[in-house]
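Colleague: I would like to learn how to read this structure from its features. Please take me through them one by one.

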Amino acid sequence: MSSFDDALNRFALKLDARSRAVFVGVATEVQRSVVHGSEVTGAPGQPVDTGNLRDSWIPEFTSPTTWQTTTNVGYAPIVEHNLRGVTFRNHGPHSVALTRVGFPRIVTKVTADMAGAR
Amino acid sequence: MIDFLLAQLAFRTRAATLVVSTTGSATLGATAAGYTRAAGSFVTDGFLVGMEVVPTGFTQTAPGVVSAITATLLTIDGGRTVQTAGAARSLTVGLPSLHAWENDSPLTRYVTRPFLEEDFVPGGSSNTTWPARIGLFDQDGLAIYKWYGVQNVGVDAISASVTALMRLFTPGTYLALADGSSIQVRGDVAVKRSQIMNTGDGWAVCIVTIPWRTTTRNVVAA
């Protein structure tokens, strides 16, 4: 009986470790998609002139189960929404929106990578 | 794989059917101030300050922007050509007559008139079943409409307009493409709108984002 309990405990620990790994992996992939662009979501990433906007996105684990990335750059919404006919020499707009709608693809990719399916 | 041009055109076609508010066919007149009616109510019909109305049945058919409203008088910025009351006329608020589709020649904008911009944004794609040759090929993306309303007249007109636009693209809405394929408005991440933001140069903008998805059979070229 105790060996069964031990097995259950080992499984629980393994499951917890896997969950944390998926969480961290998904957060990392979201950050990459928003900032640098992603083939998974189609997000182009933040356009770079001086690098101010790209470097302003700060990822943060706010609790064991929550994560966020934020920017305090005032013109970030103009870039995100492609307002005022902004010209993009590299990367492009809508990276946050594309990352949001591509989130299921991110989760699928991260879990598949962890399972060694790809 | 879908034809992106056809997909973009399908979104435009549906957006063009937008009716935010209308008198329907009614007996209407025009004065130097705007439009008049003896029966019915411009208020009840849903007109709001800052909306652009398109007249039909009048001699002057140019759109006009509402600057004040009572039940029987719809005041139009700049006034109207006087015309006695007549039947079978209408006033309708739809998609702004000034709109810039992607890569059109630059739009001449007027700070007293609403206008609309379009972004059609392809997203991710992946083959979801095996083998690839006949697998299911998922594609998604965003149709984005940026509604620029008249600045400093409150949120009513812009909010009512984008809400009506969003109701054309509720989750599960199918858009038929000209080649027989279709795309669907997503429900897991669904149509949304932004806060109304003052652009600082004459307009206030609200952005409607419509996530879409399509699944087709993958074809591998010979």
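**Reading the features**

Modeller: Start with one residue: B:A26 is found in strand β2 (residues 26-30) of chain B. Helices (H or I, at least four residues) and strands (E, at least two) are DSSP runs, numbered from the N terminus. This is a predicted model, in which local features need pLDDT of at least 70 and side-chain atom pairs count only at pLDDT 80 or more, while totals for chains, interfaces and linings use all residues. Residues are numbered from 1 along each chain as its sequence is written, and chains are lettered from A and ligands numbered from 1 in the order in which they are written.

Colleague: Why does B:A26 count as buried?

Modeller: A residue is buried if 20 or more other C-beta atoms lie within 10 Å of its own, exposed if 12 or fewer, and partly exposed in between, with C-beta atoms placed from the backbone. B:A26 counts as buried because it has 20 C-beta neighbours inside 10 Å.

Colleague: Which residues does B:A26 touch, leaving out those up to four places away in sequence?

Modeller: Contact requires that the C-beta atoms of two residues, placed from the backbone, lie within 7 Å. On that basis B:A26 touches B:R37, B:G40, B:R89 and B:S90. The C-alpha atoms of B:A26 and B:R37 are 8.4 Å apart, and the two residues are 11 apart in sequence.

Colleague: How should I read strand pairing around β12(B)?

Modeller: Two strands pair if DSSP finds at least two bridges between them. Strand β11 (residues 174-176) of chain B is joined to β12(B) by 3 bridges, and the two run antiparallel; B:A176 has B:S182 as its bridge partner. These strands form a hairpin with 5 residues between them, and B:G180 in the turn has a positive phi of about 95 degrees. β12(B) is also joined to β15(B) by 2 bridges, again antiparallel, with B:R213 as the bridge partner of B:Q184.

Colleague: Which residues of β12(B) lie on its covered face?

Modeller: B:I183 and B:V185 do, whereas B:S182 and B:Q184 form the uncovered face of this strand (residues 182-185).

Colleague: How do I read the faces of a helix?

Modeller: An α-helix has 3.6 residues a turn, so residues three or four places apart point the same way. In α5(A), the buried residues are A:R105, A:I106, A:K109 and A:V110. Seen down the helix axis, they fall within an arc of 130 degrees (taken over the directions from the axis to the C-beta atoms), so they line one face of α5(A). They pack against α1 (2-35) of chain A together with β9 of chain B. Just after α5(A), A:G116 takes a positive phi of about 75 degrees.

Colleague: How many residues does each chain give to the contact between chains A and B?

Modeller: Chain B gives 17 residues and chain A gives 14 residues. On the side of chain B, β9 (115-127), β10 (136-150) and β15 (203-217) each supply at least two residues. The largest share, 6 residues, comes from β9(B).

Colleague: And what are the domains of chain B?

Modeller: Domain bounds come from an automatic or database domain assignment. For chain B, that assignment gives domain 1 (4-18 + 96-217) and domain 2 (21-93). Their C-alpha centres lie 29 Å apart. The contact takes 12 residues from domain 1 of chain B and 10 residues from domain 2 of chain B.
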